[in-house]
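Hello,

I am passing on a structure that you have not worked with before. Please look through it first, then read the notes below.

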Amino acid sequence: MTEIHAWLNKNYDHLRSEFKTKIATGQMAGYSDDLLQLVVEYFLNKPEAQQMQMLRDNKIKNFIVRTAAFQIKSGSSPFF
């Protein structure tokens, strides 16, 4: 298992809870798991060097949460 996958496994439940309570709320609450999957996929599609830099800088959670917030607010996002 790579360091990235280990980080995702370790933090997935916390991210899922945060998405349900802080990001995909109200009418969007039922879609929080879909949103999390989409944003994790965006992260995993980044070049491996960029993923590792984000891991070293402790910025993965920041990226995932920020990207999810943009997806929720954007009327043209694939998630919307």
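Which residues of the largest nonpolar core touch the most other members? They are I4, W7, F19, L35, I60 and I64, out of 19 residues in that core. A nonpolar core here is a set of buried Ala, Val, Leu, Ile, Met, Phe, Trp, Tyr and Cys residues joined through side-chain atoms within 4.5 Å. Buried means under 20% relative accessible area, exposed means over 50%, and partly exposed is in between, with a 1.4 Å probe and protein chains only.

Before the rest, some notes on the source. This is a predicted model, in which local features need pLDDT of at least 70 and side-chain atom pairs count only at pLDDT 80 or more, while totals for chains, interfaces and linings use all residues. Residues are numbered from 1 along each chain as its sequence is written, and side-chain values use heavy atoms, with hydrogens and water left out.

Helices α1, α2, α3 (48-56) and α4 each supply at least two residues of the core. Helices (H or I, at least four residues) are DSSP runs, numbered from the N terminus. The largest share, 6 residues, comes from α1. As a general matter, nonpolar side chains tend to be buried together in soluble globular proteins. I60 touches I4, W7, F43, M54 and L55, leaving out residues up to four places away in sequence. Contact means heavy atoms within 4.5 Å.

Helix α2

Buried in α2 are S32, L35, L36, L38, V39, V40 and F43. Their cover includes α1, α3 and α4. S32 has a relative accessible area of 1%. Apart from neighbours within four places in sequence, S32 is in contact with F19, K20 and A24.

Helix α3

In α3 the buried residues are Q51, M52, M54 and L55. These residues cover an arc of only 160 degrees around the axis, so they sit on the same side of α3. The arc is that of the directions from the helix axis to the C-beta atoms. On the face turned away from the buried side, α3 carries the exposed residues A49 and R56. What covers the buried residues of α3 includes α1, α2 and α4. Just after α3, N58 takes a positive phi of about 60 degrees.

The aromatic pair

How many aromatic pairs does the structure hold? It holds 1. F43 and F63 form this pair, which is tilted, with 6.0 Å centre to centre and 50 degrees between the planes. F43 lies in α2 (residues 32-44) and F63 in α4 (residues 60-73), so the pair ties together parts that are 20 residues apart in sequence. Rings of Phe, Tyr and Trp (its six-membered ring) pair if their centres lie within 6.5 Å; planes under 30 degrees apart count as stacked, over 60 as edge-to-face and the rest as tilted. F43 is buried at a relative accessible area of 0%, and F63 is buried at 11%.

Salt bridges

A search of the whole structure finds 2 salt bridges. A salt bridge is a side-chain nitrogen of Lys or Arg within 4 Å of a carboxyl oxygen of Asp or Glu.

One joins R16 and D33, whose closest N and O atoms are 2.7 Å apart. R16 lies in α1 (residues 3-23) and D33 in α2, so this pair ties together parts that are 17 residues apart in sequence. R16 is partly exposed at 33% relative accessibility, and D33 is partly exposed at 26%.

E18 and K61 form a salt bridge as well, with their closest N and O atoms 3.3 Å apart. This pair links distant parts of the chain, with E18 in α1 and K61 in α4, 43 residues apart. E18 counts as buried at 11% relative accessibility, whereas K61 counts as partly exposed at 33%.

One further residue

N62 is located in α4 and is partly exposed, with 44% relative accessibility. N62 and F19 are 43 residues apart in sequence and 13 Å apart in space, C-alpha to C-alpha.

Regards
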